[in-house]
Amino acid sequence: MSKQLILAIFIVLTYLTQQLYAQQIIFRTNPETGAISSLKIAHDHRSMNWLIATDGTQYSSVTRKYGWGLGYFTETVNGIRTSRTWELPVLNKNAGKQLSYRAGNLQVDVKRSMTGNDLIEEFVFTNRGKHTVTISDIGIYTPFNDNYPNAETCITSRTHAHIWDGGNAAYINATHMGANAPHLGLIVLDGAIDHYEIWDRDMQKSMSNTRGIISVTMPEISLKTGEKTSVKWRIFTHSGWDDFQNKILKMGNIVAQCNQYTFQKGEKARVEIQGNENLLKHCTVTKNGKPVPVSKLGERWVVETIMDEKGKVKFEINYGKGKRTHIDCIVFGNYESLIAKRADFIIDHQQLNDPSDPRDGAYMVYDNETDKIFMNNTSSVSPADRNEGAERLGMGAFLAKQYLVTKNQKIRESLVKYVKFVRNKLQYKDYTTWSSVKRDSRNRAYNYAWVAEFYFLMYKVSGDPQYATDGFKTMKSMYSHFGHGFYSIGTPVRLGLNVLKDAGMQEEYKSLLADYLKIGDTYIANGLFYPISEVNYEQSIVAPSIQLLCELYLETGIQKYLDEAKRQMPVLEAFAGFQPSYHMNEISIRHWDGYWFGKYEFWGDTFPHYWSAITAAAYHYYYQCTKDKNYQQRAENIVRNNLNLFSEEGRGYCAYLYPQRVDGKMAGFYDPYANDQDWALGFYYLVNLGL
């Protein structure tokens, strides 16, 4: 029996046996630590454990200290700071439903109970010491099974944990990677979750193939002797994002959203808040600390305001009895100006102009801290992803599109110099393509499509048929080296075919189309069992598959390609959440690029990372196939939300490291390397202008 048939049977059985999604949460605890070791859903045909095993069997470094419900904090007494953990209970009653731990001056009580099918957990922290204690960085481990052994395992038994660290309205939507309900949800009922952290990440711990251990963190608080603080949440099942939000409302919390999260100065923001009327009747909202009017329209509370100041904008929402949450937006003066300044910055600061250097003409990595090109002349820091080729081709592709929009001769002059560098220094005469002028690294498949896209764009810039030939021969070289099974990012399907037609190269058109059809057929044959690439399973394998299938359908009208794109689309959608933040709204989960491409080599969630915009390309082409405008709107939202990787003065940043900490080190920063983020601007032009 084929893998595809097994998967089809699995999906059908799952659907037939799970028509009622409100299934009971089943949990088991570790008798020694009291932590939850297994979290499952009754009658779930998958029998999936939504948690990573914390006994070392799944990952040797993931041991009992990371168990669900265990945690850590820092206590400060009389100016002395001490790190504490709770791991072994002094009291364990009713099979882990009533626990008590002692850590420093704090008593940590954990209570678990069932309400209908749902699990309620409460964590109470009481000061049992003789002095006032300030407790900070209070982290509770929630080790969701968010990791990537291979596509088959992920599609059947792994989850994407979409976290919203939204104070009293915080939540986690644990979406099944295969997009098959039931999914798991967690919402805060009392108390607040203000941040989250990631643990157990480094080169020896599955590298890019695990998200690590998630912990959610509470606000800092000072407690007098006998005083306490707590957080309480509810874990439940749901059938998808709409059902998840409806259950949040039914369970007594609120949902706050904005019409968009990235704005141009002068645009209007519309904030909508839903929730129980008693909870919201005294609702107030501030915009960067200043009160704004709130109106009740039907069952929603609404704020409409002009985004009149550039920079970050936080809408703070106060409701109920001292409860709060927020929405994060960002405002730019003008998108056109932002992009133009980025183009100027690349030409003025990131193009190497040194005839004595073999990289002369290349677009280079730029260090925004030292304010100069990173020359990458040492092997002491992961140089492969900071070289003068590979992902840096995004600068050339973006600038070619920028020229097509602006006809700025300064850009064209820069591109002419750059294209000579690419052809003469990154490629052999037979179009074998390398990442570096040294040509001593591996022959990397990804490089070919990026170079070919650049050549095809240069044909559109110049009309010179040599560039059409260069693009064609680069793609043919790729297929001669790697065959037709690789899931390339950015395969220039319609771009390349249209250029060849325009250049009158009919035989080359037929030849390249035949290659593309072989790839499409391979993608159909593989289905959801995507092969392992540089990461075992990732959004940038799924999105390129859907994009290529949609482009083939648009080019040929052959229905099977669109049918397969429709089948794979829910799996792509599962990577992204709808948190009310320009960092996260529809931005796919990625968590390794800060290490491979950043100056500070941080593992951990990158919100955004520019490859999240591949999803926008897939949505854009899917819209063209289906005429479902929702996908085009979502594509535009994604590319807008990637613009925060650029500053108003034209600097770029390869990723934003979102968690509060990663392995105890402070995160929450833009990595200072301008490296490969300019692909996001190329996708911006694709989605908005069809370039």
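Biologist: Before we start, what should I know about the numbering and the model?

Modeller: Residues are numbered from 1 along each chain as its sequence is written, and side-chain values use heavy atoms, with hydrogens and water left out. This is a predicted model, where local features need pLDDT of at least 70, side-chain atom pairs count only at pLDDT 80 or more, and totals for chains, interfaces and linings use all residues.

Biologist: How many helices and strands does the protein chain have?

Modeller: Both are DSSP runs numbered from the N terminus: helices are H or I with at least four residues, strands are E with at least two. Here you get 17 helices and 33 strands.

Biologist: What does the radius of gyration say about the protein chain?

Modeller: That radius is taken over C-alpha atoms, and the globule rule is 2.2 Å times the number of residues to the power 0.38. For 691 residues, the rule puts a compact globule near 26 Å, and the protein chain agrees because its own value is 26 Å. Along the principal axes, the C-alpha trace spans about 80 × 60 × 55 Å.

Biologist: How much of the protein chain counts as buried?

Modeller: Buried means under 20% relative accessible area, exposed means over 50%, and partly exposed is in between, with a 1.4 Å probe and protein chains only. By that rule, 61% of the 691 residues are buried.

Biologist: And which share of contacts joins residues at least 24 apart?

Modeller: A contact means heavy atoms within 4.5 Å. Take the contacts between residues at least 6 apart in sequence: 67% of them join residues at least 24 apart.

Biologist: Can you show me contacts for a single residue?

Modeller: Leaving aside neighbours within four places in sequence, Glu272 touches Val255, Ala256, Gln257, Arg300, Trp301 and Val302. Glu272 counts as buried because its relative accessibility is 19%. Asn259 is 13 residues from Glu272 in sequence, and their C-alpha atoms are 8.1 Å apart.

Biologist: How many disulfides does the structure hold?

Modeller: A disulfide is a covalent bond between the sulfur atoms of two cysteines. In practice we look for a pair of cysteine sulfur atoms within 2.5 Å, and the structure holds zero disulfides. For Cys329, the nearest cysteine sulfur is that of Cys258, 4.1 Å away, and Cys329 is in no disulfide. Cys329 has a relative accessible area of 1%, so it is buried.

Biologist: Which other residue of strand S28 could I look at?

Modeller: Thr606, as S28 covers residues 606-609. Thr606 is buried, with a relative accessible area of 0%. Beyond neighbours within four places in sequence, the contacts of Thr606 include Arg590, His591, Tyr656 and Leu657.

Biologist: What is the phi of Ser47?

Modeller: Ser47 has a positive phi of about 50° although it is not a glycine. Ser47 is placed in the loop between strand S2 (36-41) and strand S3 (71-77), and at 46% relative accessibility it counts as partly exposed.
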